[in-house]
Amino acid sequence: MDKKYFIIDAGAMPLGRIATRIANTLRGKNSPSFAPNVLSGNVVVVVNANQVKLSSSKETSKQYYHYSGYHGGLKTKMFSELKENKPENIIKFAVKGMLPKNKLQKEFLKNLKIFKTAEHNLPVKNLTPIKE
């Protein structure tokens, strides 16, 4: 199966809208031969991850949680802090939440390439833009 490469600009739309487009493309729902139990072979390249936007006042109030399993092990990071340090993780977490919770989820996420700026180091020339 040949891999198809798609590109999307993270600064063009709000985070949720970008994440749904990426998740649907990774799963292959845009192709006529879609099957929910088969890897599509689509690779999505996300550029400008540091320009990701949220709607309304979520930029100051959204939090990301991580629980270690121990008492007092709940860690919290604010959206602004994550956007400053690792903006790739914001998009990765959003897309991961929109993919099915099964063994294919990890395989779909391997086909997601996220870059902070507009430059990417992939040797692919023919990137198809995802429609906005």
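Me: What makes the charged end of Lys62 count as sitting over the ring of Tyr64?
Reply: In this predicted model, the charged end of Lys62 lies 5.0 Å from the centre of the Tyr64 ring. The distance limit is 6 Å, and the charge must also be within 35 degrees of the ring normal. Lys62 is assigned as sitting over the ring of Tyr64.

Me: Why is the pair of Tyr64 and Phe93 called tilted?
Reply: The ring centres are 5.9 Å apart, and the limit for a pair is 6.5 Å. The planes of Tyr64 and Phe93 meet at 45 degrees. Stacked would require under 30 degrees and edge-to-face over 60, so the pair is tilted. A search of the whole structure finds one aromatic pair.

Me: Which parts of the chain does this pair link?
Reply: The pair links distant parts: Tyr64 belongs to strand β3 (residues 63-67) and Phe93 to helix α4, 29 residues apart.

Me: Why is Tyr64 called buried, and why is Phe93 called partly exposed?
Reply: Tyr64 has a relative accessibility of 14%. Buried means under 20%, and therefore Tyr64 counts as buried. Phe93, at 40%, falls between that limit and the 50% above which a residue is exposed, so Phe93 counts as partly exposed.

Me: How do you know whether Asn48 and Ser56 are buried or exposed?
Reply: Asn48 has a relative accessibility of 12%, and the limit for buried is under 20%; Asn48 is therefore buried. Ser56 has a relative accessible area of 65%, and exposed means over 50%, so Ser56 is exposed. Asn48 is placed in the loop between β2 (42-47) and α2 (58-61), and Ser56 lies in the loop between β2 and α2. Each is a residue other than glycine with a positive phi, near 60 degrees for Asn48 and near 50 degrees for Ser56.

Me: Which residues of the largest nonpolar core touch the most other members?
Reply: This core has 29 residues, and Ile22, Val46, Ile91, Val95 and Leu112 touch the most other members. Elements that each supply at least two residues include β1 (4-9), α3 (79-85) and α5 (104-110). Helix α1 gives the most, with six residues.

Me: What is Ile22 in contact with, leaving aside its neighbours within four places in sequence?
Reply: Ile22 is in contact with Ile8, Val44, Val46, Ile91, Val95 and Leu112. Apart from this core lies another, of five residues, among them Val45, Val47, Val124 and Leu127.

Methods:
Residues numbered from 1 in each chain as written. Predicted model: local features only at pLDDT ≥ 70, side-chain atom pairs only at ≥ 80, totals over all residues. Heavy atoms only, no water. Helix = DSSP H or I, 4+ residues; strand = E, 2+ residues; numbered from the N terminus. Buried < 20%, exposed > 50% of the residue type's maximum accessible area, 1.4 Å probe, protein only. Core = buried A, V, L, I, M, F, W, Y, C linked by side-chain atoms within 4.5 Å. Contact = heavy atoms within 4.5 Å. Phe/Tyr/Trp six-rings, centres within 6.5 Å; stacked < 30°, edge-to-face > 60°.
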